[in-house]
Amino acid sequence: MNAKLRVAAICLALAALAGLVLLVVRPSLNPAHVRPLPIIALGWMAFLTAAWLLRKVPRRTSVALILLGGIAIQLAAVSAPPQGSDDLYRYIWDGRVQAAGIDPYAYVPTARQLVGLRNEFLWHPGADHCLSTAYVNEHPAADLVAGCTLINRPAVPTIYPPVAEAYFLGVHYLPTGDDSTTPIQATTAFVAVLTTVLLLFGLGRLRRDVRMAALWSWCPTVALEAGNNAHVDIVAVAITAAALLVLATARTKGKTILGGVLLGLAIATKVTPVLTVPAVLRRRWMTVTLAVSSAFVAVYIPHLLAVGGKVIGFLPGYLQQEGYTNGARFGILDLIYAGKLAIVMAVLILAAVAFGVLQFSDPNRPWQGAVVMTAAALAVTTPRYQWYALLLVMLVALDGRPEWLAFAAGAYYAAEPNLGRYTIPVRFHEAVAYGVPVVVVAVGTLIRYELTRRRGDGLEPAAAPLGITVAASSAFAAPITLTAPVITEAEAGQLVSADEVQV
């Protein structure tokens, strides 16, 4: 396929992806009422096709396609109110509360003290979440006021950390940021595009193939959870990407401190970036630990002084509500273990993976270990929320092993397992959603190992998935770096530079 035809095919695939995103976010364009999951599955096929075709496109053209394609997909996602989550209404409310000079952890949304902040956009009859007068009368000590709102869980405190709250306050001051979803959706989409730029810059500086940034820019998860659902996870992922790129190239104490501070701020935006910590402790571990901890604690101090222990928010209640405290929420482990034993096994597995990453992770490429740690956490905890995989998508773009994206795709099945007559029993939903990706990664590992062995034997290997240079790792074994043969200029179009091969 010549270059022009390849570019045309990529544009067609991206146009199809943008159209499918529109179908998901605008149900009115879907007169057949096809469920979102099949449409999203088609979107993933279009995405992977475009990424596959990109591997032989010239670098400059690839950068333009990655940026313009990502922007187009985000615009499609921003064009409608959120469809897959209503979390952003809490974001808008928390920004409104802070703008009034009130600490966001001080009161729940339905508290009597905040009644004066209610507006018609977030609070109106017929909204999805209502607190009845009967409930208020049954809990007089809580000092609540009845009403209907778009904010989910209106009778519980916010769960979001301080950096996220600062972000919500910033969005509040945008035009119509207080009475529309568009400003926060557009802002989150903008952050997603900025992350693409950061990945392009970082991959280029590391002398790796910038085409890998497409795995983030064009990913359906990024489009739907940034431009449409506006999840704050995008902000946390952007800061994490910056932190990892700084730490990977840090050769001075000052730069190490900067990377650690960024990572601490990322964790103080959404807790999931803590999964990358074991992978960054191989170099100046004490400096990194102190920097991360100091940044994390520093942003909490003002709130701690203002409201004390309330800064913990809804986190304990969330863990209980989701079934993690009684061991009923570990989809794969629950098939073997039950109750508290499942919790013990989950802790042991994650501790073993963290120890392996800590011992064997490459400090020059911390995202390799971070991919393993994050995927292991998804496989063990089996969350029902697809946006929890956003961190993994970014790490895969840095790492270059696209089979790990199966966890991000599988998360959509965990979120929407109802397929009519094809629906499997409830107890198997999460096990299938995250068990299949485990199998995909295992198969990908075997294929990469075999291709590496053939190369070592002097045999010509078949093309690796998505044109990626031979690499292999498993969820419980750290990568070993081997020197790869020098490639020709013609081979330089592969998605990952061949200066190293991962086994």
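Biologist: What should I know about the model and the numbering first?
Modeller: The model is predicted, so local features need pLDDT of at least 70, side-chain atom pairs count only at pLDDT 80 or more, and totals for chains, interfaces and linings use all residues. Residues are numbered from 1 along each chain as its sequence is written, and side-chain values use heavy atoms, with hydrogens and water left out.

Biologist: How many salt bridges are in the whole structure?
Modeller: A search finds eleven, a salt bridge being a side-chain nitrogen of Lys or Arg within 4 Å of a carboxyl oxygen of Asp or Glu.

Biologist: What does Asp-233 pair with?
Modeller: Lys-270, at 2.8 Å from N to O. The two are 37 residues apart and link distant parts of the chain, with Asp-233 in helix α10 (residues 233-248) and Lys-270 in the loop between α11 (253-267) and α12 (285-307). Helices are DSSP runs of H or I, at least four residues, numbered from the N terminus.

Biologist: Is that pair buried or exposed?
Modeller: Both Asp-233 and Lys-270 are buried, meaning under 20% relative accessible area, where exposed is over 50% and partly exposed is in between (1.4 Å probe, protein chains only).

Biologist: And Asp-209 with Arg-211, what is the N to O distance?
Modeller: Their salt bridge has 2.6 Å from N to O, and both residues are buried.

Biologist: Which residues are linked in a network?
Modeller: Arg-153, Glu-322 and Arg-329 are linked by salt bridges.

Biologist: Switching topic, where is Leu-335?
Modeller: Leu-335 sits in the loop between α13 (315-321) and α14 (340-360). Leu-335 counts as partly exposed because its relative accessibility is 38%.
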